[in-house]
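Hi,

Here is the structure I promised to pass on. Have a look at it first, and then read my notes below.

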Amino acid sequence: MTKNEVLTTTITLSIDNGSSHVKVIYDHLDCSFIFPNVLAQPFGERFLLMEQGDPLDFLDVQITSPAIESDQYRHVYVGNLAIGDEGILHEIVGDKAVQKKAQRPETMVTLLTAAAYAIAKQHEDAIKQGKKRIKAAVNLGTGLPIREITKFRDEFARKITGGVHSVTFVTTPVFKGITVEMEFSLPTDISIDDVSGVYDLEATSKSHLSHKGFGIADVGGVDMDIAFFRPGLDLDQRHSTGAKIYLNDALESIRNEVNAQGEELLASTAELTLMLVNKEYEIYAEGKVVFDMTSLINKHMRILAEKVLKFARSSWKHVRYANEFWFIGGGAVVLQPWIEKINAELGLPIRFDTAEHSQFRNVRGTFLMLDHALKHADEVAAGTDAKGVSENGSGQD
């Protein structure tokens, strides 16, 4: 392979590896994408009528990485392509949900796939002109739940930065046959998911959180991170905590009850999650309603909303300076109607993020911190160079 066949690049990106969906921002805040956190081991060969469609909907990847030891994760369908596939499906439910995010193989698979897709998307024109191989230096921002950050931060960072990771798109349209080789750096280390969301909320909303004492819960598909901030966005490490809520497992129970009707009406919890986010409680087939999930969803979500509020209140009652409590994250969007109904009787000063931004708060905040760190590093380097020139006269030999 000649040298000019390899495209060398650098990219800045942040990834929020949620239990239901993976959210990514690269280059700048407007460049974002999201896909379900679902993997499938392919069964047989993928039958192609045409090599058309959005590449994001057809993530068929072959992975070589020092962070992935098991052969079952070397060739996988990821995201929408995995949903409804006949192969062995991996969703973050049941035993997977019990495992630590930092230690699940699925976390590295989706992280590497997301990064490779962002890099390929960034250079789509070059790929269409014949480039087949990309070598990328990746400035990555990503996080872990508050319950894992102390014990697993170093282990997770070593997996990410410990060598060269290679992702080849197998049948993915536009990117078919493209190999992306990546080496990662972590300019902002591994962040705390919940804390990252606060920085974006402060930067983009009219809430002026920096002047307040408040609590905030990032509600995900498995974990709920609870953080408290004194005025000035001073994180209270003593009272910040986390809990497992298993929203995905509740959604899996709903899915199983629906599918017990005799048909595969819901292919995955990721599909159901999107329906709940969009307040779609009826399932259509052949142009008519075949199942109304309203009562079933009400039963399960009410129980879960009570659980989430109980966790929040048990932490909040010990924090005297916190005058309000916020909920962010995809799980908060799903549970908001039921939490608000319960709180109508309690009258607590509870706030919800806008549904439009809630899922993306953590990944946006992580990107803002990463972008700031890189710009600050450039400024420091420029200042050091200027100092060298000043001390050595013109700086010329």
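When I say that two residues are in contact or touch, I mean heavy atoms within 4.5 Å. This is a predicted model, so to speak: local features need pLDDT of at least 70, side-chain atom pairs count only at pLDDT 80 or more, and totals for chains, interfaces and linings use all residues. Residues are numbered from 1 along each chain as its sequence is written, and side-chain values use heavy atoms, with hydrogens and water left out.

Leaving aside neighbours within four places in sequence, Pro36 is in contact with Ser20, His21, Gly79, Asn80, Ile83 and Ala270. Pro36 sits in strand 3 (residues 32-36); helices (H or I, at least four residues) and strands (E, at least two) are DSSP runs, numbered from the N terminus. Pro36 counts as buried because its relative accessibility is 4%. For that label, buried means under 20% relative accessible area, exposed over 50%, and partly exposed in between (1.4 Å probe, protein chains only).

Ile63 belongs to strand 5 (residues 59-64) and is buried too, at a relative accessible area of 1%. With neighbours up to four places away set aside, Ile63 touches Ile68, Tyr73, Arg74, Val109, Leu112, Thr113, Ser166 and Val167. Gln99 is 36 residues from Ile63 in sequence, and their C-alpha atoms are 22 Å apart.

**Two polar contacts**

A polar contact here is a pair of N or O atoms within 3.5 Å; within protein, one must be able to donate a hydrogen and the other to accept it, and residues adjacent in sequence count only if both atoms are side-chain atoms.

Ser14 lies in strand 1 (residues 6-17) and has a relative accessible area of 0%, so Ser14 is buried. What does the side chain of Ser14 have 2.9 Å from a polar atom? It is the backbone oxygen of Val363. Not counting residues up to four places away, Ser14 touches Lys23, Val24, Ile25, Gly141, Val363, Thr366 and Phe367.

His300 is part of helix 8 (residues 294-316). Its relative accessible area is 16%, so His300 is buried. The side chains of His300 and Glu257 are joined by a polar contact of 2.9 Å. Beyond neighbours within four places in sequence, His300 is in contact with Ala250, Ser253, Ile254 and Glu257.

**Nonpolar cores**

A nonpolar core is a set of buried Ala, Val, Leu, Ile, Met, Phe, Trp, Tyr and Cys residues joined through side-chain atoms within 4.5 Å. The largest one has 66 residues, and Phe169 and Met182 have the most contacts inside it. Helix 2 (residues 105-122) supplies the largest share of this core, 11 residues. Met182, leaving out neighbours within four places, is in contact with residues including Leu112, Ala115, Ala116 and Ile119. There is also a second, separate core of 41 residues, with Met293, Ala312, Phe325 and Leu335 among them.

On a 1 Å grid over the protein atoms alone, a cavity is a set of points where a 1.4 Å probe fits but cannot get out, and a pocket is an open set with protein on both sides within 12 Å along at least five of seven lines; lining residues have an atom within 4 Å of a point. Grid points are joined across faces, edges and corners, and a volume is the space filled by probe spheres set on the points.

There are two cavities of 30 Å³ or more.

The largest pocket has a volume of about 160 Å³. Residues lining this pocket include Ile146, Arg147, Arg153, Gln237 and Thr241. Helix 4 (149-161) and strand 15 (241-244) each give two or more residues to that lining, and helix 4 has the largest share, three residues.

Cheers
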